[in-house]
Amino acid sequence: TRSGAPCSLPDGPFLDEDALWRLDEDPATVLADLARRYGDIFTIHRPAAPPRVVLTTGEHIRELAGRDPDLHSCGTSQFAQLVGEHSVNMLSGEPHRRMRQLLLPSFHARAVNNRVSHIRRIIREEFDRLSPARPLPLTTFTGNIALRVITSVLFSSIPEAEVQDVCDTLLELVDGIHQYRAVPPARRDAESDTTAAMRFRERR
């Protein structure tokens, strides 16, 4: 708790690395199974990490967020090495709000409306890159469009070609992270961990 007073946590399971991997891969199924076993609120205990209390109903989430406004801006450690410790999705509380205020003007409706023609051009270019000989998953296609639009807004002061380089590097980094995480922990070894870390540092 914020006051440091001890508190009891709801009942819940201890998940080892493989179980946590399954949770990352299919959270909806795993959390639904845990909710059926432990109820709407339960605690996930993790090796070498603080316990995590899970709320599975909108009613409980709204009640908790209404008691503590800082919960509207809680950060996450996922992709911490990629985005850096001062990224908006890493911060919580007042630091998160300050960083968000710096970013929001770029995504205000007026700012986005001023870039409609640019966004349309990006969409046309992505359609033009499609080829029957090289099928592309819909999620990849739409993800490429979203990434190009977001990076062009955030890096509007640099040339378009350099923005594309940023997109390509980000996609390569994220794909590498997902490929690594797609392997269950029990099937990883020290050599593959070291190789993945070296590639990540080189591309970053």
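1. Strand pairing. Strand E1 and strand E2 (residues 49–55) run antiparallel to each other, joined by five bridges. This is a predicted model. The two strands form a hairpin, with two residues between them. Alanine 48 sits in that turn and has a positive phi of about 55°. Within the pairing, phenylalanine 42 has valine 54 of E2 as its bridge partner.

2. The nonpolar core. Phe42 and Val54 also belong to the largest nonpolar core. That core has ten residues in all.

3. Helix H1 and its start. H1 covers residues 17–25, and its buried residues are Ala19, Leu20, Trp21 and Leu23. Aspartate 16 caps the N-terminal end of the helix. The cap has a side-chain oxygen of aspartate 16 lying 3.3 Å from the backbone nitrogen of aspartate 18.

4. Leucine 15. Which residues does leucine 15 contact, leaving aside its neighbours within four places in sequence? They are Leu20, Leu23, Ile44, His45, Arg46 and Pro47.

5. Aromatic pairs. A search of the whole structure gives two. One joins tyrosine 38 and phenylalanine 42, with ring centres 6.4 Å apart. Their planes meet at 40°, so this pair is tilted. Phenylalanine 42 has a relative accessible area of 0% and is buried. The other pair, phenylalanine 127 with phenylalanine 141, is edge-to-face. Here the centres are 4.9 Å apart and the planes stand at 70°. This pair links distant parts of the chain, 14 residues apart: phenylalanine 127 is in helix H7 (residues 116–128) and phenylalanine 141 in helix H8 (residues 138–154). Phenylalanine 141 is buried, at 8%.

6. Side chains of opposite charge can pair when their charged atoms come close. The structure holds six salt bridges. One of them joins glutamate 94 to arginine 97, with the closest N and O atoms 3.3 Å apart. Both residues lie in helix H5 (residues 93–103), three residues apart, about one turn of the helix. Both are partly exposed: glutamate 94 has a relative accessible area of 42%, and arginine 97 has 25%.

7. Glutamate 125 and arginine 121 meet through their side chains at 2.8 Å, N to O. They lie four residues apart in helix H7, about one turn of the helix. Glutamate 125 is partly exposed at 27% relative accessible area. Arginine 121 is also partly exposed, at 29%.

8. From H7 to H8. Glutamate 125 has another salt-bridge partner, arginine 148, with the closest N and O atoms 2.6 Å apart. Arginine 148 is in helix H8 and glutamate 125 in helix H7, 23 residues apart, so-called distant parts of the chain. Why does arginine 148 count as buried? Its relative accessibility is 6%, and buried means under 20%. Shared partners extend the picture: salt bridges join Arg121, Glu125, Glu126, Arg129 and Arg148 into one network.

Terms used. Residues are numbered from 1 along each chain as its sequence is written. This is a predicted model: local features need pLDDT of at least 70, side-chain atom pairs count only at pLDDT 80 or more; totals for chains, interfaces and linings use all residues. Side-chain values use heavy atoms; hydrogens and water are left out. Buried means under 20% relative accessible area, exposed over 50%, partly exposed in between (1.4 Å probe, protein chains only). A polar contact is a pair of N or O atoms within 3.5 Å; within protein, one must be able to donate a hydrogen and the other to accept it, and residues adjacent in sequence count only if both atoms are side-chain atoms. A nonpolar core is a set of buried Ala, Val, Leu, Ile, Met, Phe, Trp, Tyr and Cys residues joined through side-chain atoms within 4.5 Å. Contact means heavy atoms within 4.5 Å. Rings of Phe, Tyr and Trp (its six-membered ring) pair if their centres lie within 6.5 Å; planes under 30 degrees apart count as stacked, over 60 as edge-to-face and the rest as tilted. Two strands pair if DSSP finds at least two bridges between them. A salt bridge is a side-chain nitrogen of Lys or Arg within 4 Å of a carboxyl oxygen of Asp or Glu.
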